[in-house]
Amino acid sequence: MKRSIPMFILAAMMATACKPTVPSQYLQPDEMEDILYDYHISQAIAKSENSAQTDYDRTKLFYAVLEKYNTTEAVFDSSLVYYYSHVDRFKPIYARVSGRIASEGSRLGAAVGDINRYSQYNENGDTANIWRGETALMLLPRPTKNRFDFVIKADSTFMVGDSFMFQFYSEHIWQSGNKDAVVCIRTAYEGDSIIQTTGHFSSSGISQIRVPANNTLNIKELKGFIYLADNDPSSDIRKLMFISQIQLIRFHNKEIAQSNENKSESVVKTDSMQRVANPSRPNTDTLLYNTGTGLRSKNAPFRRGDASNRVAPRKDMLKTRE
């Protein structure tokens, strides 16, 4: 008797067989994740203990991490180049690294939870995270890979007086030299008015840039970019910036919103009162009254059958009849 393989087992086997794997000469995803995690943790600890950390200090810590995992700098660098070319595999690795760093920071009492304080707010509220694009990305200081652009179109939830805060969490792999990430946001208002806000960021952790409010004009759109500069493009050393937890927080100005709401209510009430106070009034002389025998005009002659309103005959008319 032949035994048939259950369909779900067969499907799982086929999926596993078709799933692309990382070549054996490179660090596998789990290994890469552990090395990157320890690397970032060691860099953060060293920085907290020595704010004047040098390239030599960073390199020494990096070698210590490689030794822990019994690998070499050549293997790590070649693996990094491989993952550079397969970003779809690298991004999940770094997403897990970011999650582990956030958990560790929370355990140690760091303020990494501040970046998530606005995630719970509804899009229609006074404070809301209106970001709908990618929440994680990777930038390399190389052409076509060193810039991320975005556009946010205004909708009915935007109000005059709104201000914004663009924020994200970042980690770097930077062998040597200065790090410089530029964030630029151009806010376009009605009437072709534009305000540009720019910030430079060089350290790992939470980065924020605030867009001030315009209390007189409606917003049309926010257009911006993140750009990773390279101060030494001739060198071929490891440089990478991973960005996660991207958010764009919108803040309504409650005073302006309340003022506009009061103005709208005032207009509605005034208009409503005018409609009630100036109706087309009927002529009172033509009002119809119920006399018990139907409706008639106030000025219409009395009917014979209406005894209650009949006029008494004069005496001289009675004599003539007699």
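Which element gives the most to the lining of the largest cavity?

First, some ground rules. This is a predicted model, in which local features need pLDDT of at least 70 and side-chain atom pairs count only at pLDDT 80 or more, while totals for chains, interfaces and linings use all residues. Residues are numbered from 1 along each chain as its sequence is written, and side-chain values use heavy atoms, with hydrogens and water left out.

Let us begin with the whole chain. Of the 322 residues, 34% are buried. Here buried means under 20% relative accessible area, exposed means over 50%, and partly exposed is in between (1.4 Å probe, protein chains only). The accessible surface comes to about 20600 Å², and carbon and sulfur atoms hold 53% of that; such areas come from the Shrake-Rupley method with a 1.4 Å probe, and for residues only the protein chains shown count as cover. Among contacts (heavy atoms within 4.5 Å) between residues at least 6 apart in sequence, 75% join residues at least 24 apart.

Now step inside. A nonpolar core is a set of buried Ala, Val, Leu, Ile, Met, Phe, Trp, Tyr and Cys residues joined through side-chain atoms within 4.5 Å. The largest such core has 28 residues, and among those touching the most other members are Trp 131, Ile 152 and Phe 166. Strands E2 (137–139), E3 (147–153), E4, E5 (181–189), E7 (205–211), E8 (219–228) and E9 (239–251) each supply at least two residues of this core. Leaving out residues up to four places away in sequence, Ile 152 touches Ile 130, Trp 131, Phe 158, Glu 221, Leu 222 and Leu 248. A second, separate core of 27 residues includes Val 22, Phe 76, Met 138 and Tyr 169.

Next, visit helix H5 (residues 87–107), where Ser 98 has its place. Ser 98 counts as buried because its relative accessible area is 4%. Beyond its neighbours within four places in sequence, Ser 98 is in contact with Glu 171, Phe 242 and Ser 244. Val 97 also lies in helix H5, and this residue is buried, with a relative accessible area of 0%. With neighbours within four places again set aside, Val 97 is in contact with Glu 33, Leu 36, Tyr 37 and His 40. Val 97 and Asp 34 are 63 residues apart in sequence, yet 7.9 Å apart in space, C-alpha to C-alpha.

That brings us to the cavity. Rolling a probe the size of a water molecule over the atoms shows where empty space is left. On a 1 Å grid over the protein atoms alone, a cavity is a set of points where a 1.4 Å probe fits but cannot get out, and lining residues have an atom within 4 Å of a point. The whole structure has one cavity of 30 Å³ or more. The largest cavity holds about 70 Å³ of space, and its lining includes Tyr 39, Phe 62, Trp 174 and Arg 238. Two or more residues of that lining come from each of helix H3 (55–68) and strand E4 (163–174). To answer the opening question, H3 gives the most, with three residues.

Methods:
Helices (H or I, at least four residues) and strands (E, at least two) are DSSP runs, numbered from the N terminus. On a 1 Å grid over the protein atoms alone, a cavity is a set of points where a 1.4 Å probe fits but cannot get out, and a pocket is an open set with protein on both sides within 12 Å along at least five of seven lines; lining residues have an atom within 4 Å of a point. Grid points are joined across faces, edges and corners, and a volume is the space filled by probe spheres set on the points.
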